[in-house]
Amino acid sequence: MNAPQTLSRWSEPGSSRVPFWAYTDAQLYQRELEKVFYGAHWCYVGLEAEIPNVGDYKLSHVGERQVLMVRDRIAPKDRATDHGIRVVENRCAHRGVRFCQNPQGNARSFVCPYHQWTYKLNGDLAGLPFKDGVKEGDCVNGGMPEDFDLKDHGLTKLRVALLHGLVFATFSEDTEPLEDYLGPQLMPWLDRIFKGPEGARKLTLLGYNRQRIPGNWKLMMENIKDPYHPGLLHTWFVTFGLWRADQKSRMVMDAHGRHAVMISRRNDGGQNAAVTEGVTSFKANMALHDDRLLDVVPEPWWTVADPSNPGSDIMPTVTMITLFPSLIIQQQVNSLSTRHIVPRGQGEFDFIWTHFGFADDTPEMTQRRLRQANLFGPAGFVSADDGEVIEFSQAGFVQAGEGATLCELGGTGTEMTEHMVTETLIRSMYAYWKKVMEL
C-alpha cells in the first residue's frame, strides 16, 4: 500500500504536535490496520480463563478482523510443550463467510452454515460435502479437482503467545517473541499482577462491559498514557484522592516507547492544597452514601522489589499498563481489568472491559473488586468521563481540519519520569508510531 499523501504533511519535528489528520484520515487508518494491527505486533485477544475446557471458544478481534480464541485438544505427548490455545480467523476458506455467530460457546468442530465446510478446532479443514463428486450410474458428477488437498484450505491461523494467562496473537511471521516485544522494563509490572510464587496466578472472571466510542482508537491509548488529566477531569479521583498530581508517581516505558506503565501511590497523609486550587472537578463537600465503594484493602502482591531501585521495595496502589496497540491492564486499588481496543474505522472503536480477580480471593475480596469496578466501564463513576472527552476530541479534530494537538507538558522529550506532571508517554508512543507508519 502506498503511503497516504497526508503523511508528508507532518512537518513538525519530534512527536509533541500530532496533526489532527492523524485521527481523521481514512486512507491513513487503512495503513494503520496493515502496519500496526496486521503487521509485526502482538495483539491481545483474551484471557485463558475465558476458555477453560476443550472446545471452548470466544470471539475476539485483531484490528477489524474477527478471530476465534479456542481451547484445542492436546495429545498427551505434547502437553509439556503445547498450551492448546489456538487463534483462527472467523472466515471460511471457501467463500469467506463469517461462520461463527455466537460470542462464546463450546464446539467439537466449526461448520460453515453456507456449504457445510467443517473445520477442526485448530483451523484445519476436516471435510466438505461432495468433495469427490456425486455418483450417477457409472459417472461421477462434479467434485473438487484431483489436486485439491484439505491441508491447503484451512482457516487463517495466527501465531499465538501466552503470558501469565493473557493470550496474544499476530498475523505476522516477523513479530519478535512476546517477552522481547514487551521488554524488560514492562515485564516486572506484568509479573506483579499475574505471576505468583508458583507461577501464573489462576484468574476468575467477574464480568464484562462493552461500549462503542466515537473517536479514533489511538485516543484511548493516549488517554491511559496521560497522567495530566485524571486529577483534573475526574471528580472521583481528585476528590477522594485516588489520583492526584501530588502523589508519588513514575512513568515507565519500553525501549521503543510503544508500551508504558503509569505507576502511582495513593497519599496516606495530608493533601497538597495547590493541586486542587481552582480545579473545577474537585468537590470538597462531596460524600459517599456507601463507603464500601472506597473500602480499599492493601494486598500482599502490591509490594514488590523496585525495578528501578535495587534493594528497595515499592507499593503502588495504581498501575495502568498500556501494551501497544490494543490492550490496557488496569490495577486501580482492588479493581482489576483488561481493556481491549477494537478499531471500527478512523472515527470509532469498541472498548471491551474484562473484570477479573484471583481464584484464591476470599468472597469479601471478590465483592470488594466488584464494588470498585463501578468506578470503571461505560457508566463508571470515573470512566464515563473518558468516553465523553474522547468523543469531544474527535469532533474537534473533524471540525478544525488542519491543526495539531500540543503535548508538551514536561518538555518535548520522551524520557521516563518520577512524577506525573508530564505528557512524555504520549510523545513516546507517537515517536514509535511515526516510525511504523514510515513517516
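This is a predicted model: local features need pLDDT of at least 70, side-chain atom pairs count only at pLDDT 80 or more; totals for chains, interfaces and linings use all residues.
**Notebook: salt bridges, cores and aromatic pairs**

I began with Glu-438, which counts as exposed at 51% relative accessibility; exposed means over 50% relative accessible area, buried under 20%, and partly exposed in between, with a 1.4 Å probe and protein chains only. Residues are numbered from 1 along each chain as its sequence is written, and side-chain values use heavy atoms, with hydrogens and water left out.

**Entry 1. Salt bridges**

I looked up the partner of Glu-438 and found Arg-31, with N to O at 2.8 Å in a salt bridge. I used the criterion of a side-chain nitrogen of Lys or Arg within 4 Å of a carboxyl oxygen of Asp or Glu. Glu-438 lies in the segment after α10 and Arg-31 in helix α2 (residues 26-37), so the pair ties together parts 407 residues apart in sequence. Helices here are DSSP runs of H or I with at least four residues, strands are runs of E with at least two, and both are numbered from the N terminus. Arg-31 is buried, at a relative accessible area of 3%. Lys-35 joins Arg-31 and Glu-438 in a network of salt bridges.

I searched the whole structure and recorded 24 salt bridges. One of them joins Arg-17 to Glu-408, with the closest N and O atoms 2.7 Å apart. Arg-17 lies in the segment before α1 (21-24) and Glu-408 in the loop between α9 (383-400) and α10 (424-436), so this bridge ties together parts 391 residues apart in sequence. I noted Arg-17 as partly exposed at 31%, and Glu-408 likewise as partly exposed at 25%.

I then checked Asp-306, which forms a salt bridge with Arg-250 at 2.7 Å between the closest N and O atoms. Asp-306 lies in the loop between β18 (304-305) and β19 (313-314) and Arg-250 in strand β16 (residues 248-253), so placed that the pair links distant parts of the chain, 56 residues apart. Asp-306 is buried at 7%, and Arg-250 is buried at 6%.

**Entry 2. Thr-405**

I placed Thr-405 in the loop between α9 and α10, where it counts as buried at 15% relative accessibility. Leaving aside neighbours within four places in sequence, Thr-405 is in contact (heavy atoms within 4.5 Å) with Ser-16, Arg-17, Val-18, Phe-20, Tyr-23 and Phe-397.

**Entry 3. Nonpolar cores**

I defined a nonpolar core as a set of buried Ala, Val, Leu, Ile, Met, Phe, Trp, Tyr and Cys residues joined through side-chain atoms within 4.5 Å. The largest has 91 residues, and those with the most contacts inside it include Trp-217, Met-220 and Ile-321. Helix α10 gives the most to this core, with seven residues. Ile-321 touches, among others, Leu-186, Trp-189, Leu-190, Ile-193 and Ala-260, not counting residues up to four places away in sequence. Another core, of 19 residues, lies apart from it, with Leu-68, Phe-99, Cys-112 and Leu-155 among them.

**Entry 4. Covered elements**

Is helix α5 (residues 217-224) mostly covered or mostly exposed? I found it mostly covered, eight of its eight residues being buried; among them are Trp-217, Lys-218, Met-220 and Glu-222.

In strand β4 (residues 85-89), five of the five residues are buried, so the strand is largely enclosed by the rest of the structure. Ile-85, Val-87 and Glu-89 are buried on one side of β4, and Arg-86 and Val-88 on the other. Strand β3 (residues 65-71) pairs with β4 in the antiparallel sense over five bridges; pairing requires at least two DSSP bridges. Arg-71 stands opposite Ile-85 in β4.

**Entry 5. Aromatic rings**

I paired rings of Phe, Tyr and Trp (its six-membered ring) if their centres lie within 6.5 Å, with planes under 30 degrees apart counted as stacked, over 60 as edge-to-face and the rest as tilted. The count came to 21 aromatic pairs.

I lastly noted Arg-65 over the face of Tyr-38, at 5.0 Å from the ring centre; the rule asks for NZ of Lys or CZ of Arg within 6 Å of the ring centre and within 35 degrees of the ring normal.
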